[in-house]
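Thank you all for coming. I would like to walk through one model this morning, beginning with a salt bridge and then moving on to sheets, cores and surface.

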Amino acid sequence: LYRMVGDSLYFVTDLLTAVSHPSLDADGERLVFSLTWDGGYDVFEMKSPFRPKFAVPLSEVAPMEVVLPEFLERKRNYVLDFSVDWLSGNMQFSTYYGLFGAMTVGLSDALGNHRIVFTSDLYQDISNSNFEFLYLYLPRRTDYGFSFYQFWTFYVYPYDLIITEKRLGAELLLRYPFDKFRRVEFGIGYLRPKRYYYYYFPEYNQYLLLRQESKNVTAGYLGFVLDNSFYTYFGPLSGTRAFAGVEKSLWSQLDYMTLYADFRKYFRITERSCFAARFMGGRSSGRNAQPFWLGGPDNLRGYDYYEFSGTRMLLTNLELRVPFLDYLKLSFPLPLEIGNVRGVCFFDMGAAWSRDRDFKPFEDYKLRDLKADIGIGLRLLLGFFSLKFDMAKRTDFSRIYPGTRYYLTLGSDF
């Protein structure tokens, strides 16, 4: 590092290797920088960095002549060559789905102009798996890309009906960042959803496939993304994450328009504690309005999986997240070490309904169509994911109902 004063050049450091990312405090008395040391990067602090050491007049600084090796002087065309940037995986478990997981691999070229991301759970074979292939072109401020994907989902209806749906499609993408934390997204794609209808027959004690149908859908979407959250090893600690968007069918066999918003705020309490809040809302309209589903460990934990559905949806989740057990070592009856256990206290409230049904949130100073629950839970951090145990009780603000619903899942918190 050098400091220029007048016509003289002062040496701030006299190190043999390069100094990077220097940061100076407001008083100019402490300088922190990164430096390669003993085979790796470390952070160093220098006190009184501007105390005069020695100076060299600029007129005496000899010009530097750089002689390149012969192989560097030859001009060569850039060859696109991809290498692996990251490889990650996660595992999840629920009493409804069982054990499942996913893997993500990211690749890019040397200049970072091209990125490929592939995600899949590879269940049985490719036709029964969820996967997405994403390509992004990144040399300019506006990012362009396309994706090819297949996702499976299912819906449980009353009267012993289960619908499974395979969504196979492709999409063209455009993203424009306003700054480091905000961007707008646009996409247009083709989707071919295929539904399978299974009905339960008590005489056979099983679900049987009675019919199936498929549609051709072209849809466009526009969305706004905000993310300035600060992450730690246990998840977000502070900041805001938000998404608001609209999706509309275009020239399709299905006719729908869906509005969706998701706002998350994290309030830092201590170095390892925070209060997290999530507010979600959605509305779908048109001849084939799309349903929203609520119930289960991801939203309303006091209720069963997919217990509520409708073309309108509201949801609120409030959580206090604190450290619970840092380290526990047992010697008898079995040697066992447990650490990184966190605790949560939560409140959930939400509803899903359709236009043809009268929606009344409150009645007689208690909840009617709005559903709520309170509970506590534990989180055991296992690297890429957490083992989550939640206990929840239903409430309508006038009383807490008897009975407790338990969920044991693998995953991460919002």
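Predicted model: local features only at pLDDT ≥ 70, side-chain atom pairs only at ≥ 80, totals over all residues.

R394 is partly exposed, with a relative accessible area of 29%, where buried means under 20% relative accessible area, exposed means over 50%, and partly exposed lies in between, computed with a 1.4 Å probe and protein chains only. Residues are numbered from 1 along each chain as its sequence is written, and side-chain values use heavy atoms, with hydrogens and water left out.

The side chain of R394 meets that of E307 in a salt bridge, at 3.6 Å from N to O; the term requires a side-chain nitrogen of Lys or Arg within 4 Å of a carboxyl oxygen of Asp or Glu. R394 belongs to strand β27 (residues 386-395), whereas E307 sits in the loop between β20 (292-294) and β21 (308-310), so the pair ties together parts that are 87 residues apart in sequence. Strands here, like helices, are DSSP runs numbered from the N terminus, with at least two residues of type E for a strand and at least four of type H or I for a helix. E307, at 34% relative accessibility, also counts as partly exposed.

How many salt bridges does the structure hold? The count is 23, and R301, E319, R321 and D348 are linked in a network of such bridges.

Let me turn to the strands. Two strands are taken as paired here if DSSP finds at least two bridges between them. An open sheet of 3 strands runs in the order β3-β4-β5 with antiparallel pairing, and its edge strands are β3 (19-24) and β5 (40-47), each of which pairs on one side only. Between β3 and β4 (residues 30-37) there are 4 bridges in the antiparallel sense, and L24 has L31 in β4 as its bridge partner.

β15 (residues 217-227) is joined to β17 by 9 bridges, the two running antiparallel, and V225 stands opposite F243. β16 (residues 230-232) is antiparallel to β17 over 3 bridges, F230 stands opposite S238, and β16 and β17 form a hairpin with 2 residues between them. β18 (residues 257-268) pairs with β17 over 10 antiparallel bridges, with A242 opposite F263.

The largest nonpolar core has 10 residues, including F154, I162, W293 and Y407; a core is a set of buried Ala, Val, Leu, Ile, Met, Phe, Trp, Tyr and Cys residues joined through side-chain atoms within 4.5 Å. β11 and β12 each supply at least two of its residues, and β12 gives the largest share, 3 residues. A second, separate core of 9 residues includes M280, L300, F308 and M313.

Finally, the surface. F133, F146, F148, L168 and L172 make a nonpolar patch of about 420 Å², and the elements that give two or more residues to this patch are β11 (143-157) and β12 (161-177). Patch residues have over 30% relative accessible area and no salt bridge, with like charges joined within 9 Å and nonpolar side chains (Val, Leu, Ile, Met, Phe, Trp, Tyr) within 5 Å. F133 itself lies in strand β10 (residues 131-137) and is partly exposed, with a relative accessible area of 30%.

Note on methods. Areas by Shrake-Rupley, 256 points an atom, 1.4 Å probe, with all protein chains shown as cover.
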